[in-house]
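Hello,

Here is the structure I promised to pass on to you. Please have it open while you read, as my notes follow below.

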Amino acid sequence: SVTIDKFTIRNAGGKSYGVRTMIEVLDKSLNTGAIFAMRSIGAPAFKSYVDRFGFGKLTGIELAGEEDGTISSLDKSGEIYSATASFGHGITATPIQLVTAYAAIARGGIIVKPHIIASVITEAGEQEVPIQEGERVITPETAQTITAMLVSVVKNGFSKKAGVNGYSIAGKSGTAQISNTNGPGYSDETIHSFIGFGPIDEQGPVFVMLVKLDKPKGLPYASDTVAPLFSDIAK
């Protein structure tokens, strides 16, 4: 566990895993390891990466009613806010933001604006909508390293059920508690997600996909609910 101010943060199920590598932190979804990574670069740098990957702002996709999510907790004083955000609590993200962030990793570290319109047809003919690249958020080497770590999550970690025989898939499950609507803290309800991309080969990935379930019943972790569904669709 990690104690910050008056708060104690534990891993899922209250389990202890001893000293682990960062690959194993992702393999086993260790909240304590995510906090270690945040502390290693510092809260200001952590917030900068959250911002640069596009969280907390609109992507500009051509769909009505897009929300920007909120990362405002990272502006508050106190390490607890960065610590909980490091494993996904205390901030909100939209599905398209998650897809955009993972697409940046899959594309070697460059953010690309998502869109749903492939081309525009007028009397003058058909014109394709060009790909709009944004800033580089991580180096190609870092993107390659993270991709390899995410492949390990599917191959060796808790997300083996997301794999596809004969292919290397990079991805990560997420099990997020839903905050209480009538007070502080979290309820017993959860959001399950799995996001990944592939195949990981010489030609490079051709898809990024997010599968999400709101308030699933019966199984507590995303590795048992959305990971198999991701695998079925990916096949």
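**A101 and helix α5**

Leaving out residues up to four places away in sequence, A101 touches F53 and F55, where contact means heavy atoms within 4.5 Å. A101 lies in helix α5; helices are DSSP runs of H or I with at least four residues, strands are runs of E with at least two, and both are numbered from the N terminus. With a relative accessible area of 5%, A101 is buried. For that term, buried means under 20% relative accessible area, exposed over 50%, and partly exposed in between, with a 1.4 Å probe and protein chains only. A101 and V208 are 107 residues apart in sequence, yet their C-alpha atoms are 9.9 Å apart in space.

A word on the ground rules: this is a predicted model, in which local features need pLDDT of at least 70 and side-chain atom pairs count only at pLDDT 80 or more, while totals for chains, interfaces and linings use all residues. Residues are numbered from 1 along each chain as its sequence is written, and side-chain values use heavy atoms, with hydrogens and water left out.

T94 lies in the loop between α4 (79-85) and α5. T94 counts as buried because its relative accessibility is 12%. Apart from neighbours within four places in sequence, T94 is in contact with E67 and G69.

**Helix α6**

How does the span of α6 compare with 1.5 Å a residue? The 17 residues of this helix (140-156) should span 24 Å, and the end C-alpha atoms are 24 Å apart, which agrees; the expected span is 1.5 Å times one less than the number of residues. The buried residues of α6 are A143, T147, M149, L150, V151, S152, V153 and V154. Among the elements that cover them are α1 (22-27), α5 (95-106), β7 (170-179) and β8 (186-198).

Y186 is found in strand β8 and counts as partly exposed because its relative accessibility is 37%. Not counting residues up to four places away in sequence, Y186 touches H89, G90, Q177, I178, S179 and N180. The C-alpha atoms of Y186 and A176 are separated by 9.7 Å, with the two residues 10 apart along the chain.

On to the next strand: β8 is joined to β9 (residues 207-214) by 8 bridges, and these two strands run antiparallel. In the loop between β8 and β9 you will find P199, and a cis peptide bond joins G198 and P199, with omega about -10 degrees.

**Helix α7**

The buried residues of helix α7 (residues 222-234) are A222, S223, T225, V226, A227, F230 and S231. Their cover includes β7, β8 and β9.

K215 is found in the loop between β9 and α7. Its phi is near 55 degrees, a positive value in a residue other than glycine. At 43% relative accessibility, K215 counts as partly exposed.

D5, which is not a glycine either, has a positive phi of about 55 degrees. D5 lies in the loop between β1 (2-4) and β2 (7-9), and counts as exposed at 62% relative accessibility.

**The second largest pocket**

This pocket has a volume of about 290 Å³. Of the 16 residues that line it, N11, G18, L30, T32 and G33 are the closest to its centre. On a 1 Å grid over the protein atoms alone, a pocket is an open set of points where a 1.4 Å probe fits, with protein on both sides within 12 Å along at least five of seven lines, and lining residues have an atom within 4 Å of a point. Grid points are joined across faces, edges and corners, and the volume is the space filled by probe spheres set on the points.

Which helix gives the most to the lining of the second largest pocket? That is α2, with 3 residues; α1 and α2 (31-41) each supply at least two. The lining divides into 6 nonpolar, 7 polar and 3 charged residues. Here Ala, Val, Leu, Ile, Met, Phe, Trp, Tyr, Cys and Pro count as nonpolar, Asp, Glu, Lys and Arg as charged, and the others, Gly among them, as polar.

Best wishes

Definitions and conventions. Pairing = 2+ DSSP bridges.
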